[in-house]
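Hi there,

Here is the structure I promised to pass on to you.

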Amino acid sequence: MTDLRFYGDRPPGIDGQSLPGRLIVLEGTDGVGRSTQVALLKEWLERKGYAVIDTGLTRSSLAGSGIQRAKRGHTLDPITLNLFYATDMWDRLERQILPALRAGMVALVDRYIFSMIARAGVRGLSPEWLQGLYEFALIPDRTIYLDIDVEHLLPRVIHDTGFDYWESGRDFLETGSVYQSFVEYQNRLLAEFRRLADRHDFTVIDARGDVGATFEAVSREVEQVISSMVSDAMPPEPTNR
Amino acid sequence: MSERAKNELPGRLFIVEGIDGSGKSTQLDLLHKWLQAQGYLVVFSEWNSSPIVKRTTKRGKKEKLLTPISFSLIHAADFAHRIHSHILPALEAGAIVLADRYVYTAFARDAVRGVSRSWLRRLYSFVVEPTVAFYFDVPLHEAVHRIAAGRPTLKFYEAGLDLGLSDDPFESFRMFQGRIRGEYERLCEEFGLTRIDATQNIVRQQMQVREMVQPHLDGVMRLDRVKMREALGRAGLSGRYLDPRRVSEE
């Protein structure tokens, strides 16, 4: 059972004490391989017979396209952008994640509130304000953090996507080349993630190795979270015949 | 709430609040014209008008996607964007900003929808405190009468139909506005809003508003405009290609 516990006051319109599903969050910086792990996990879980939904940032029907549009202009201040992200997060929580958990599914979330808190924290927003903002979020059953250092991250980013404007902190770092600002930004971001990992009890997995090694470690963690689901759902053993 | 407006920013911020049908927009419009006529630089900001966020809010309302928390967050996003891109820069430049609805609208509506009051106060800690915040106080039956007389139908969220108080839009609207009015009472206490009796006639209310605004206008920037006609005359021009409003506004 997933306890219906939130970081702050319970939001209006949410009833019940617990849910039969499981909420599993993957966190980590861009390029670390989060989405790959989510894709692998989904297949792995389905093969075992679990029903799975996966969701990630800006995939809400309400605010997803609005955020994409707003980011294109590079004009949003960090407070507005975070309120936009929070709208998107809550909409997905309410419409995708909670219904899935109610139905007994495993919800795999590719970046939860922590990515937003880390990115905004690096951009100078008050940590108290950010924690307060995301108080509406459901506390996950497990948050798996894929940890990496910039040295190992660089080749992946160059190979996969190249340097992204936002993921290099170009919106607020004024110094140096794109490469320099990427290194600076990612170092700050990783430090922020590690602070959050301590505070929120993340399961930290070393993601410097290859995909297979990381998946082995990730799936071992997920196994622990889902192992009780089958017995939860089983009817009690008949005592006599 | 930050104290910036009063202490650091050279501009002035006047805002109006009240339930639908309280007549606050009419009063703000009259104040706007009076200030402009005296040459003050006036910037006007309306609730729900950020060009970047508005589309999302509109869609959410049209498709009834908004629930209490998302309703609250998307309005906060709209407000934050206007504060940063519109209101704050104008205040920093020394202009007068007039806002039709301010943070108190969110406090009142969202609390009625069951959102935690303390969460809302913290969420909106980025706002600038107004120089004067007017609350137009009108009895519920009067406000409902004004709205019902002028409108054949009410929108879903406007009528508070998402709260499930009643299936009849006008009955739901009446109950919803009644609860909002209760929240405003609480906010008047908490934030010291300036109460205007909105059952008085329009002119009388406007006189009271101007009386309250006047003392805050000392030292506020005014446009020092050479009169357009004078300038045209000196240059021997007629200004036939000018926007006619530019000529007549002097």
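Below is what I found, with the cut-offs for each term.

This is a predicted model, so to speak of ground rules: local features need pLDDT of at least 70 and side-chain atom pairs count only at pLDDT 80 or more, while totals for chains, interfaces and linings use all residues. Residues are numbered from 1 along each chain as its sequence is written, chains are lettered from A and ligands numbered from 1 in the order in which they are written, and side-chain values use heavy atoms, with hydrogens and water left out.

**The interface**

Chain B puts 30 residues into the contact and chain A puts in 28, where contact means heavy atoms within 4.5 Å. About 2300 Å² is buried between the two chains, with 64% of that from carbon and sulfur atoms; buried area is the accessible area (1.4 Å probe) that two parts lose on being put together, summed over both. The rule finds one salt bridge across this interface (a side-chain nitrogen of Lys or Arg within 4 Å of a carboxyl oxygen of Asp or Glu). Arg122(B) and Glu135(A) form a salt bridge through their side chains, at 2.9 Å from N to O. On the chain B side, the elements that give two or more residues are helices H3 (54-62), H4 (68-93) and H6 (117-123), as DSSP runs of H or I with at least four residues, numbered from the N terminus. H4(B) gives the most, with 10 residues.

**Cavities**

There are three cavities of 30 Å³ or more. On a 1 Å grid over the protein atoms alone, a cavity is a set of points where a 1.4 Å probe fits but cannot get out, whereas a pocket is an open set with protein on both sides within 12 Å along at least five of seven lines; lining residues have an atom within 4 Å of a point. Volumes are the space filled by probe spheres set on the points, which are joined across faces, edges and corners. The largest cavity has a volume of about 80 Å³, and its lining includes Glu135(A), Phe136(A), Ile69(B) and Trp119(B).

The largest pocket has a volume of about 780 Å³. Of its 23 lining residues, Trp47(B), Asn48(B), Lys61(B), Arg109(B) and Lys155(B) are the closest to its centre. H3(B) gives the largest share of that lining, five residues.

The second largest pocket holds about 650 Å³ of space. Among its 33 lining residues, Asp30(A), Gly31(A), Arg34(A), Arg111(A) and Thr161(A) are the closest to the centre.

Best wishes
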